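Dear colleague,

Please find below the structure that I am passing on to you.

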Amino acid sequence: MYRAAYQKGFLTVLYSVGSSPLDNWSTYTKNGYIKRIYDEDIKSLVLEIMGSNVSTTFIHCPSDCKAELGIKLPFLVLLIKNMHKYFCFEVKIQDDQRFMRRFRVSNFQSKTSVKPFCTAMPMGMSPGWNQIQFNLADFTRRAYGSNYLETVSLQVHANVRIRRVYFTDKLYTEAELPNDYKLLGKPKDLKKEKQFKAPPTARPPSPLNTGRTEATSDKKEGPTQDTEPEAPTSPPPPAAEPKAEAAEAPTEPEAPTSGGGEEPTTQAEPTEDAYYY
């Protein structure tokens, strides 16, 4: 299919943006669906493959099962989104010994299993969108001791969202990639969305602090300038009479006062943060 084409740099086999992204692909659905939707994280159209069974819902390239891709570029790159469900993809290659080998990569495989014609290996995915880079030449050499020759077919199973699938001649840095090959936009942080922070003006004042501020304001204000002391209505009694009354009346014990005539210090009140939390 691509054997006669010029292969250098980037070779895209699936791009979700366009009039017909599945031109060269065949689709298989059973208890699932394959459709194009709009993804809010990267603000772009993507291809979504969902199904109750991973093995019965998938897409295959080339569309003719008897045809071959003939791609000689050794690096396979997938821009896919983690849907937190079972997912796998499968690559069939041909090595220099003219044997057909398959690599099955999934997120439900726990250990790597190497067989004469099929290798199954696990894959870890981060939340949100991921860029999966698969070195076909290195895996062929390590698994079978032979050299990678070309890619024969590619198969992507449910459950996943796909932005682009392409081959490259080497691993490119983020700065070297064209804009169409980057994941523009940042995925949403669910932890930050769940947190709620009230604006400063929305929080009412603490009752403890409010009572303290009112008490201090009353002390600072004191008597106003308009009030005048009342004049005594009767003349002061003779000096001998108050002494006798003082001797006859029982004396009341005075409250102990602190040194310097200052009011006793109160305990530290809880802060506003401690009150709300």
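In what follows, a residue is called buried at under 20% relative accessible area, exposed at over 50% and partly exposed in between, with a 1.4 Å probe and protein chains only. Strands are DSSP runs of E with at least two residues, numbered from the N terminus. This is a predicted model, in which local features need pLDDT of at least 70, side-chain atom pairs count only at pLDDT 80 or more, and totals for chains, interfaces and linings use all residues. Residues are numbered from 1 along each chain as its sequence is written, and side-chain values use heavy atoms, with hydrogens and water left out.

Strand β5 (residues 58–61) is covered on both faces. Phe58 and His60 are buried on one side, and Ile59 and Cys61 are buried on the other. Strands count as paired if DSSP finds at least two bridges between them. Strand β2 (residues 26–28) runs antiparallel to β5 and is joined to it by three bridges; Ile59 is the bridge partner of Thr27. Strand β12 (residues 148–157) is also antiparallel to β5, with four bridges, and Gln155 is the bridge partner of His60.

A cavity is a set of points, on a 1 Å grid over the protein atoms alone, where a 1.4 Å probe fits but cannot get out; lining residues have an atom within 4 Å of a point. The structure holds one cavity of 30 Å³ or more. The largest cavity contains about 50 Å³ of space, a volume being the space filled by probe spheres set on the points. Its lining includes Phe10, Val77, Gln131 and Lys170. Strands β11 (128–135) and β13 (160–168) each give two or more residues to that lining.

Yours sincerely

Definitions and conventions:
1 Å grid on protein atoms, 1.4 Å probe; cavity = no way out; pocket = protein on both sides within 12 Å on 5 of 7 lines; lining within 4 Å.
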